[in-house]
Amino acid sequence: MRALTWHGTHDVRVETVDDPEIINPRDAIIKITSTAICGSDLHLYDGVIPGVVPGDVLGHEFMGEVVETGKDSTLKKGQRVVIPFTISCGGCFHCKIQQYSACENSNPAEKQDMSATLYGHPMAGLFGYSHLTGGYSGGQAEYVRVPYSDVGPIVIPDHLEDDKVLFLSDILPTGWMGAENAEIQPDDTVAVWGCGPVGLFAVQSAIVMGASKVIAIDHYPNRLALAKQMGAETIDFRKTNVREALMEMSGGIGVDAVIDAVGMEAHGFAVDNMLDIAKQKIGIGADRAKALKQAILAVRPGGRVSVPGVYGGATDKFPLGALMEKGLQVRSGQTHVQRYTKDLLEKIDDGTLDTTFMISHRLPLEDAARGYKCFHDEQNEWTKVVLKPDMETT
Amino acid sequence: MRDDDYTPSGATLTGLGLALGGLAFGAFLARRHKGGSDDAPIYTRKSPPGDHAVVGRTVTIRKPRAELYEYWRDFSNLPAFMENVEAIKEQGDTRTWVIKAPGGNTVDVVTEVTQDRTNELIAWASTDESDITTSGRVEFTDAPGERGTRVSLIMAYDPPGGAAGRAIAKMFMREPEVQARHDLKRFKALMETGEITTSARRKDQTREAKQQENG
């Protein structure tokens, strides 16, 4: 089959690799019909996530048709399914309490040591996202092997087209959980850093959850326009002093909740951020946490800090004093996708949530490498890229 | 100033304070050295006592004690999740563990069950006819509430003596702690999910398939 493979920093290629096959009884093989490039794939592209091996097939936002099933899979050939990016076994303690992204069994035993050393506990298995998370082949391919296919995949009714439901795999539930972790109350003012796909979905989710005002922060005009279209007020951080603006826009109280939808590669020109960039470049691994640091200073005392943005290591000069002295609550984590898919599918179907507005480009899988480059280099215009293995190459 | 008519001065009080502080610190060190109350398993000690190297690990498995005990009690099941064990053959009261070694070779270890308490624990030890001195035990206890069963695998082995001993130990278990941890996690996956998790894309890329080739 054809698949997008990683070969090094800013080096991804579409190549022919072995087709996947059923290995375990609960497996299924999916023929991919749509797959997206995620903002977090850019962290792999930039080489800032450890444990990626040349030849690894990337991609964790995908859907398709069931073409083969193991004897214990509950799926049927021909069904259209969206696959959560988090792999969950359904049988362990964490799956039973719906903390699916902390599944204890989906990362193979012999792959758990690296993340256990880094974080104190092993990470769960994720598709196409380094050997820290299992080293699974991802979905930017023609076919993918889906383990524990009786737990994760959600069957899609025929009347809903791919583009409407594809983002159930990751960014929609991630934005939704980002807003849920902000514990939004009706009179709240909520600030969201980053108007990438997750940030835009967090904006939309916060509004659906009843926030009185949502303020979105970015610097790309096109992305800010999309946030405005979703009902947010906006701040361009290159033009405006963010902290001062947020104080004024929240009546001098400070925003009630903040959502960092940026993560470890935050933009910013402050000296500390430039130092962090330099450290990241020479491989001493400090996460650039400019957005999170700013968010912690901006949130009101007793407020909530939600972090859907991806971090992989440690950061310097973290405002721990502000966290303690202001009595903040922090919630974060990889998304417990399976907890949200059913409910969010209904919200897509009844029109509560719009999922297609951010798609800027649809490309054949063969053009995936160009998709990565443009999504990385031209973030203003390339807001979301969907790859279609069946699409004709132009 | 004579020793017998000294009056407490600021300086002497400070000195006394320091001395007392020193005594208290000494006493603290002594207490600490003897060891305070510590309920942690012995294999988590910074310097484990005794001549044997002991490794151990606990996992919680969402299954009833009886089911887990029963599976483990049938030793022929163990190679399914013990990566370096090719087969376990039963002969009367003893069992021969066929352990994989580099270069497609195997090493036999003959063991006997030394303790067996239904649904609680199984312990085994190598017999005199074995090249390797080793023992192991697996304990099953109820986890709180609905959490299932806590399973602890504890293994002891003699540290290798001499070059030959080291070579044998290396063949037997290169990194006993890592091995025990991975085996136990595979056991957990098998019991909770019915299969052993693999991220391979094809059968011939799984660990199991690779080992079959090597064997």
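**Exercise 1. Contacts and burial in chain B**

Among contacts in chain B between residues at least 6 apart in sequence, what percentage join residues at least 24 apart? State also how much of chain B is buried.

*Solution.* The structure is a predicted model, in which local features need pLDDT of at least 70 and side-chain atom pairs count only at pLDDT 80 or more, while totals for chains, interfaces and linings use all residues. Residues are numbered from 1 along each chain as its sequence is written, and chains are lettered from A and ligands numbered from 1 in the order in which they are written.

Step 1. Two residues are in contact if their C-beta atoms, placed from the backbone, lie within 7 Å. On that basis the percentage for chain B is 45%.

Step 2. A residue is buried if 20 or more other C-beta atoms lie within 10 Å of its own, exposed if 12 or fewer, and partly exposed in between, with C-beta atoms placed from the backbone. Of the 215 residues of chain B, 22% are buried.

**Exercise 2. Strands and a loop of chain B**

Describe the secondary structure of chain B and the pairing of strand E6(B) with its partners E5(B) and E7(B).

*Solution.* Step 1. Helices (H or I, at least four residues) and strands (E, at least two) are DSSP runs, numbered from the N terminus. Chain B contains five helices and seven strands, arranged along the sequence as α-β-α-β-β-β-β-β-β-α-α-α.

Step 1. Two strands pair if DSSP finds at least two bridges between them. Strand E5 (residues 121–126) of chain B pairs with strand E6 (residues 134–142) of chain B in the antiparallel sense, over five bridges; here B:Ile122 stands opposite B:Val138.

Step 2. E6(B) is also joined by nine bridges to strand E7 (residues 149–157) of chain B, again antiparallel, with B:Gly136 opposite B:Met155. The hairpin of E6(B) and E7(B) has six residues between the strands, and B:Gly145 in the turn has a positive phi of about 55°.

Step 3. B:Gly92 lies in the loop between strand E2 (85–91) and strand E3 (94–100) of chain B. Is B:Gly92 buried or exposed? B:Gly92 is exposed, because 6 other C-beta atoms lie within 10 Å. B:Gly92 and B:Ala189 are 97 residues apart in sequence, and their C-alpha atoms are 31 Å apart in space.

**Exercise 3. Helix H6 of chain A**

Step 1. A:Gly210 follows H6(A) and has a positive phi near 100°.

**Exercise 4. Sheet and hairpin in chain A**

In what order do the six strands of the open sheet of chain A lie, and which are the edge strands?

*Solution.* Step 1. The order is E10-E9-E8-E11-E12-E13, with parallel pairing. Strand E10 (233–236) and strand E13 (329–332) of chain A are the edge strands, since each pairs on one side only.

Step 1. Within the sheet, E8(A) and E9(A) pair over five bridges, and A:Ala191 stands opposite A:Ile215.

Step 2. Elsewhere, strand E1 (residues 2–8) of chain A and strand E2 (residues 11–16) of chain A run antiparallel, joined by six bridges. A:Gly8 has A:Asp11 as its bridge partner. Two residues lie between the strands of this hairpin, in which A:His10 takes a positive phi near 55°.
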